[in-house]
Amino acid sequence: MARLAQTHGLTDVQQEILSTVRDFVDKEIIPVATELEHRDEYPQDIVDGLKELGVFGLMIPEEYGGLGESLLTYALCVEEIARGWMSVSGIINTHFIVAYMLKQHGTQEQKDTFLPRMAAGEVRGAFSMSEPALGSDVSAITSKAVKDGDEYVLNGQKMWLTNGGTSTLVAVLVRSDEGHPEGSAPHKSMTTFLVEKEPGFGEVRPGLTIPGKIDKMGYKGVDTTELIMDGLRIPANRVLGGVTGRGFYQMMDGVEVGRVNVAARGCGVAQRAFELGVSYAQQRQTFGKPIAQHQAIQFKLAEMATKVEAAHAMMVNAARKKDSGERNDLEAGMAKYLASEYCKEVVEDAFRIHGGYGFSKEYEIERLYREAPMLLIGEGTAEIQKMIIGRRLLEEYRFQG
Ligand SMILES: Cc1cc2nc3c(=O)[nH]c(=O)nc-3n(C[C@H](O)[C@H](O)[C@H](O)COP(=O)(O)OP(=O)(O)OC[C@H]3O[C@@H](n4cnc5c(N)ncnc54)[C@H](O)[C@@H]3O)c2cc1C
């Protein structure tokens, strides 16, 4: 039988990496994921194992100690990892975005300082745009940096930092009016600061507090936090790229690859939900036969499998477009939108196939049901993706009359 979500045209190296990661997921993640998730426990052994496999440095260039792999390889690994447990892919995702932003926009000194340690998983990245009063509308950021000699003084509150506690390097987007007079476009007056800190909670650096973990409905294990800056002093050489006013553009570039990543997570969770559904449907009997033999259930399985295939194809397309050096915001937006919506639907169908048992914490689908909604929100909601897609369509199909 042809398995779902196959990717054609992979190199031998890509296939080897993927099969190693898949093996790790089947042996080390799936058997423990649900138990750790119920305890909201950080999966330290799994993280250590992924470090050893080199996953933290997958896309970091070889000259900095990484594997120098493509976005496609990375996304396919993320898909596998999310199939095992979505939270683990969340631990890697912000790290990957920060490493990508450093690689693309960092000064040579910043790359030399951080990338080798990030490739080894010694320095772990988080990224922070959202604030208590905003998520979609990044241009409304109020956290601020003011220059004081060779340093900047940062004040403000940030919200929803994935890996806020466990990370040691946070890329923080704030408003910096220096050189950009009052009234200049918000996008030109934002700067990304590379903020180093101790892992943990409380005051992790003078002027910087990580209050504690936000209690969430799902996506447990990985820590999500606030971040409070109160007179936080950052040296000028920790402005990403060395120039202020480029932060919005740098973050949007990071989020664009992050969107392929979230699409990959949607694909992975949907695949797992399908696997659970198709297996349960052949074991549960009603009216004298396995429920898989009822046409209504077979139709459900057919719809689920079709969605898994479609989402995978769009995710791969978006990753390949970026790898070819082309702009991929349209493809990434479409892939993220479709994969997260389909993921939610496939998980819901697998849940229904499980009948009452789907509601029991003993069954893995219960966890997936609480995890899928996060993908509808993270890296931009469905409405934000549709705004990006719509804008691009009007550019491409401009009326010529
Ligand atoms: C578990 C978790 C982890 C996260 N991790 C991070 C992280 O690591 N770093 C980070 O910076 N952020 C992170 N976020 C924040 C996330 O990116 C935001 O929650 C998301 O962008 C949505 O922003 P919001 O919650 O402020 O919703 P809002 O922007 O307030 O939107 C509310 C609703 O209004 C809709 N809406 C908003 N504007 C429009 C419009 N113009 N037209 C139509 N509809 C609109 C939205 O689609 C949504 O349905 C995380 C969030 C969660 C839940």
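Reply: Phenylalanine 287 is exposed, because its relative accessible area of 81% lies over the 50% cut-off. This residue belongs to the loop between β9 (285-286) and β10 (289-290), and its phi is near 50 degrees, a positive value in a residue other than glycine. The model is a predicted one, and each value here is computed from it.

A positive phi also turns up at tryptophan 160, which has a value of about 60 degrees although it is not a glycine. Tryptophan 160 lies in strand β3 and counts as partly exposed, at 49% relative accessibility. Strand β3 (residues 151-162) also holds glutamate 151, which is partly exposed with a relative accessible area of 28%. Glutamate 151 and proline 235 are 84 residues apart along the chain, yet their C-alpha atoms are separated by 4.3 Å. If residues up to four places away in sequence are set aside, the contacts of glutamate 151 are Val146, Arg233, Ile234, Pro235 and Ala236.

The aromatic rings come next. There are six aromatic pairs in the model. In one of them, the rings of tyrosine 280 and tyrosine 363 have centres 6.3 Å apart and planes at 85 degrees, so the pair is edge-to-face. This pair links distant parts of the chain, since tyrosine 280 sits in helix α6 (residues 247-283) while tyrosine 363 sits in the loop between α8 (329-353) and α9 (364-377), 83 residues apart. Tyrosine 280 counts as buried, at 11% relative accessibility, whereas tyrosine 363 is partly exposed, with a relative accessible area of 27%. Ring pairs also bring in Tyr357, so that Tyr280, Tyr357 and Tyr363 form a cluster.

With residues up to four places away in sequence left out, aspartate 349 touches Lys300, Glu303 and Met304.

As for the whole chain, the protein has ten helices and ten strands. Its radius of gyration is 22 Å, close to the 21 Å that the globule rule gives for 401 residues, so the protein is as compact as a globular protein of that length. Along the principal axes, the C-alpha atoms fill a box of roughly 80 × 60 × 40 Å. Buried residues make up 56% of the 401 residues, and the protein exposes about 17,500 Å², of which carbon and sulfur atoms supply 52%. Among contacts between residues at least 6 apart in sequence, 75% join residues at least 24 apart.

How values were computed: Residues numbered from 1 in each chain as written. Predicted model: local features only at pLDDT ≥ 70, side-chain atom pairs only at ≥ 80, totals over all residues. Heavy atoms only, no water. Helix = DSSP H or I, 4+ residues; strand = E, 2+ residues; numbered from the N terminus. Rg over C-alpha atoms; globule rule 2.2 N^0.38 Å. Buried < 20%, exposed > 50% of the residue type's maximum accessible area, 1.4 Å probe, protein only. Contact = heavy atoms within 4.5 Å. Areas by Shrake-Rupley, 256 points an atom, 1.4 Å probe, with all protein chains shown as cover. Phe/Tyr/Trp six-rings, centres within 6.5 Å; stacked < 30°, edge-to-face > 60°.
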